Amino acid sequence: MSAPLKVAVLGASGRMGAEAVKAVDAATDMELVAALGRGDKLEAILEAGATHVVDLSVPASTEDNVRFAVTHGLHAVVGTTGWDDAKRESLTNLLAENPGTGVLIAPNFALGSVLASAFAATAARYFESVEIIELHHPNKVDAPSGTAVRTAELIAAERAAAGVAASPDATETQLDGARGAVVDGIHVHSVRLRGLVAHQEVLLGGEGEQLTLRHDSYDRASFMPGVLLGLRTVASRPGLTYGLDGYLELGR
Ligand SMILES: NC(=O)C1=CN([C@@H]2O[C@H](COP(=O)(O)OP(=O)(O)OC[C@H]3O[C@@H](n4cnc5c(N)ncnc54)[C@H](OP(=O)(O)O)[C@@H]3O)[C@@H](O)[C@H]2O)C=CC1
Ligand SMILES: O=C(O)C1=N[C@H](C(=O)O)C[C@H](O)C1
């Protein structure tokens with residue numbers, strides 16, 4: 001049997017971080033060597049001998065955390081939101097200077113969510129209209145969700161490749177925001193409601209019909225198989241992988 005992966009969790013006291021600490025602790029092929037929160041020195045990861053980092057902190061700190069890990073040759077599995085095109089490009093350049101190091105940025109670790117986004121992208125070329133509704137707990141710090149942004153990107157890419165026109169919309173809005181945010185031409189609506197965890201619907205409309213693809217995370221345990229899959233795979237995938245779909249055989 002190979003030696004256990006030595007894992008450090010960043011954002012360890014948060015909703016997701018605490019769940020990841022439990023999941024890593026319970027995995028027989030992993031050893032939790034550090035659990036860091038706000039204010040802890042990143043050098044503690046090195047002192048603990050970590051080979052892998054899980055970042056589940058906040059958008060304001062995730063870039064510094066991951067760049068620190070990569071600079072020291074540690075593989076990183078990242079669930080924190082806020083990784084826009086410019087930040088991912090800059091990270092790709094840093095990874096080129098540190099060959100052999102892998103980073104997975106996964107907007108959503110739930111396998112059902114990853115599949116739902118892939119199904120939505122496949123379906124999107126066959127429908128005239130498409131919009132996304134994401135629904136989350138009210139303590140979420142950002143909107144739209146990283147998952148919705150990623151889903152919109154995948155849908156837009158498929159529609160562009162198929163030469164599908166923009167969704168029809170003759171609306172003149174009376175109030176700013178009434179039609180949600182627009183990501184790559186796709187309207188995204190964000191709901192924040194007590195009692196929710198993480199949910200998304202992709203609405204696909206055609207003449208006389210609608211297809212709705214909905215995914216629900218009722219518990220943060222739903223994200224843990226994806227976190228563990230990421231940890232087990234990331235070292236064998238040097239460079240940056242954006243989306244857990246990159247590690248799954250989705251037949252696309
Ligand atoms: N990819 C996925 O599947 C999922 C991703 N997420 C994303 O993960 C992130 C965290 O979500 P959630 O757990 O709900 O948020 P929380 O606010 O519950 O947790 C974030 C934690 O990070 C801590 N923190 C702040 N700054 C730092 C730092 N510099 N280094 C280390 N830790 C720090 C916070 O401490 P303090 O409280 O003191 O600020 C807090 O404990 C979000 O971006 C969210 O969108 C969430 C669920 C699933
Ligand atoms: O903050 C959350 O809770 C979640 N964040 C991620 C996102 O922004 O997509 C993943 C999931 O939706 C839960």
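By class, the shell around ligand 2 holds two nonpolar, six polar and one charged residues. (Nonpolar means Ala, Val, Leu, Ile, Met, Phe, Trp, Tyr, Cys and Pro; charged means Asp, Glu, Lys and Arg; the others, Gly among them, are polar.) This is a predicted model: local features need pLDDT of at least 70, side-chain atom pairs count only at pLDDT 80 or more, and totals for chains, interfaces and linings use all residues. Residues are numbered from 1 along each chain as its sequence is written, while chains are lettered from A and ligands numbered from 1 in the order in which they are written.

**Stop 1: ligand 2.** Select T81, P107, N108, H136, K140, S145, G146, T147 and A198; these are the residues around ligand 2. A residue is listed if its C-beta atom, placed from the backbone, lies within 6 Å of the ligand.

Stop 2: The unreviewed UniProt entry lists H137, G146 and T147 under "binding site". UniProt positions follow the numbering used here, feature names are shortened, and annotations may be inferred rather than shown by experiment. G146 is in helix α6, and T147 is in helix α6. Helices (H or I, at least four residues) and strands (E, at least two) are DSSP runs, numbered from the N terminus.

G146 counts as partly exposed because it has 19 C-beta neighbours inside 10 Å. T147 counts as buried because it has 27. The cut-offs are 20 or more other C-beta atoms within 10 Å for buried, 12 or fewer for exposed, and partly exposed in between, with C-beta atoms placed from the backbone.

Now show contacts (C-beta atoms, placed from the backbone, within 7 Å). Leaving out residues up to four places away in sequence, G146 touches T81 and P107. With that same exclusion, T147 touches P107, N108, S113, E134 and Q200.

**Stop 3: the sheet.** Select β7-β8-β6-β9-β10, the order of an open sheet of five strands with mixed pairing. Its edge strands are β7 (181-183) and β10 (209-217), each pairing on one side only. Strands pair if DSSP finds at least two bridges between them. Six bridges join β6 (residues 129-136) to β8 (residues 186-192), and the two run parallel. I132 stands opposite V188 in β8.

**Stop 4: ligand 1.** Of the 25 residues around ligand 1, G11, G14, M16, S61 and G79 come nearest.

Conventions: Two residues are in contact if their C-beta atoms, placed from the backbone, lie within 7 Å.
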